[in-house]
Amino acid sequence: MYYTGSFIKGQSLVYNLDPRIKLAATICLSVFILWVKPLIAFVIGIALFCAALASGIRLRTFAQAIKPLLFFIVLIFLVHALFNEGETLVSIPFFGLSLSYAGLQKGFFVVWRFLCLIIAAILLTLTTTPSQMIAAIKYFLKPLKLLRVPVDDIAVMIMLALRLMPILLTEKERVETAQKARGYNLRQSGFVVRIKAFLSLTLTVLLGVFRRADELALAMEARNYQRGERTSLMELKLTSSDYLVLIFLGVFLVIFVALNSHFG
Amino acid sequence: MIILEDVYYKYEPEGIEALRGVSLQIREGEHLALIGPNGCGKTTLIRHLNALLLPTSGKVTVGGFNTNDPTHQADIRSLVGMVFQNPDNQIVGMTVEEDVAFGPENLRLPTVEIKKRVAEALIRVGISELACRNIENLSGGEKRLVAIAGVLAMRPRYIALDEPAAFLDPTATKRVLDIIDRLHFEGVGIIHITHNMAEAALTQRIVVMNEGRVYLDGTPREIFGKIDMLKQIGMQLPQITELLIKLKESGFSVRTDIVNMEDALEQIRSITGKIKV
């Protein structure tokens, strides 16, 4: 089963990078994209698109992942393009709206930044397994152990949430099929009936999931799960290519900070 | 050795008494089938074996450790592995190897040892090639094997299995039962809940439960010889035994305490002299 943004098996430099490097780079680049001047954000975006192309993931997969957000992307662009003051290019006869050059430019850069953030997030999730991601999050949260934050428990909670996600979807499909099998035809029903059906579906699915979660907790206990520190199958080790990427990213970011202040 | 002494268990707040004075001894390396009608306390009983449930009264001792003693819970859970009825409710990891590693990770073993145990457990159940596969892409039978491997990675001396062949097709059932047989051959004690009498007949010992009590306890031959007692609580006999009973009722001189195919064929051969295997 494929879910939008879920890991796809592959082989490339991006895939082989340590998950900590990927997570840190994604966060840094995201902050940078939002913070720097539009022109520099544009260059960072180009670099990000190059990384996406080099990742070995098909462009179609990126397009599939972006598709559900297309409406928001267009909306963001239109809002900026139509509601910005500046030299009018085209006047729209309704509601006194006008399309300005400044508006189009702003709309383009806002959408560009938004797209960059999405691409960065997709690139991270498509090339990193959930367990690698959990290991990376656990690594970065480690210092919080000093403040008695239950880092290991948080990692297990994330793992269980990810595990229960497909179970939740399967449970929903199962209940829906059972309802249809008993002659429940929602397409021919009115609004009130649909709301009732939705409530009944939600309650049944939730009850089923709670029951499964109870059983899962019992199974975890049977396998000696206790709160607190655990060891891990996942061994995080930085390789020479990780160090090279780290240095490259560091240099890259320093140059952009310098350029940003120069153009500022 | 696992020893249950006069164990009572009551589910609260419903107040349902699921076990009523169960006393049982399970030897290391023994293959035991636990059978009985629905709601007779089979699942409740096996959940006592690795301290998932603690007796309301009475005592359960596993390898000398009392399950009521919280300081030995980890030891007990390493000694007795538990395979639940629905593997979907047991599997924690996203991929096969991650799930199998869950137990050893809880035992706080070093990464090298975890990797070794995961590889070993996957080989024992014959699914090494599935190590990196996503759990959601596995068949029901494969998920069952992952659940067994997850328990084996903790190197238990006993494995309690709650209907390990439920909802499986004949091929997957055979694969699971063959693995259980092999584990028994390797010296792992097996406690195996089943509703399939043919499966029960293949074990060394059968414990029949009814209304929270041990109703019968003996070898398959002894148990399936007590036809009236079994029928009294709605239990069926293995089909092969039923066949011999019908033959006897039709006037043929055959033994009816037969539970396996080889002995049954021997009996049938003796009355016809024609069947060749």
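**Briefing on chain B**

Of the 277 residues in chain B, 47% are buried. The model is a predicted one. Chain B contains eleven helices and ten strands, is split into two domains, and touches chain A through 30 of its residues.

**Overall dimensions**

- The C-alpha trace of chain B spans about 65 × 45 × 30 Å along its principal axes.
- The radius of gyration of chain B is 20 Å, which agrees with the value near 19 Å that a compact globule of 277 residues would have.
- Taking contacts in chain B between residues at least 6 apart in sequence, 62% link residues at least 24 apart.

**Domains of chain B**

- Domain 1 of chain B covers residues 2-220, and domain 2 of chain B covers residues 238-277.
- The C-alpha centres of domain 1 and domain 2 of chain B are 34 Å apart.
- Contact between the two domains involves four residues of domain 1 of chain B and four residues of domain 2 of chain B.
- On the side of domain 1 that touches domain 2 in chain B, helix α7 (residues 197-201) of chain B gives the most, with three residues.
- That side of domain 1 of chain B has four nonpolar residues, no polar residues and no charged residues.

**The sheet β2-β1-β4-β5 in chain B**

- Four strands of chain B make an open sheet with antiparallel pairing, in the order β2-β1-β4-β5.
- The edges are taken by β2 (16-26) and β5 (65-66) of chain B; each has a single partner strand, so one side of each lacks a neighbour in the sheet.
- Strand β1 (residues 2-11) of chain B pairs with strand β4 (residues 57-62) of chain B in the antiparallel sense, over five bridges.
- S57(B), in β4(B), is the bridge partner of Y8(B).
- Helix α1 (residues 42-49) of chain B lies across β1, β2 and β4 of chain B and runs at about 125° to β1(B).

**Contact with chain A**

- The interface brings 30 residues of chain B into contact with 27 residues of chain A.
- Helices α2 (73-79), α3 (96-106) and α4 (111-124) of chain B each supply at least two residues to the side of chain B that touches chain A.
- The most comes from α3(B), which gives seven residues to the side of chain B that touches chain A.
- By class, the side of chain B that touches chain A has 14 nonpolar, eight polar and eight charged residues.

How values were computed
Residues are numbered from 1 along each chain as its sequence is written. Chains are lettered from A and ligands numbered from 1 in the order in which they are written. This is a predicted model: local features need pLDDT of at least 70, side-chain atom pairs count only at pLDDT 80 or more; totals for chains, interfaces and linings use all residues. Domain bounds come from an automatic or database domain assignment. Two residues are in contact if their C-beta atoms, placed from the backbone, lie within 7 Å. Ala, Val, Leu, Ile, Met, Phe, Trp, Tyr, Cys and Pro count as nonpolar, Asp, Glu, Lys and Arg as charged, and the others, Gly among them, as polar. Two strands pair if DSSP finds at least two bridges between them. Axes are lines fitted to C-alpha atoms, for helices over the stretch in contact, and angles run from 0 to 180 degrees between N-to-C directions. The radius of gyration is taken over C-alpha atoms; the globule rule is 2.2 Å times the number of residues to the power 0.38. A residue is buried if 20 or more other C-beta atoms lie within 10 Å of its own, exposed if 12 or fewer, and partly exposed in between; C-beta atoms are placed from the backbone.
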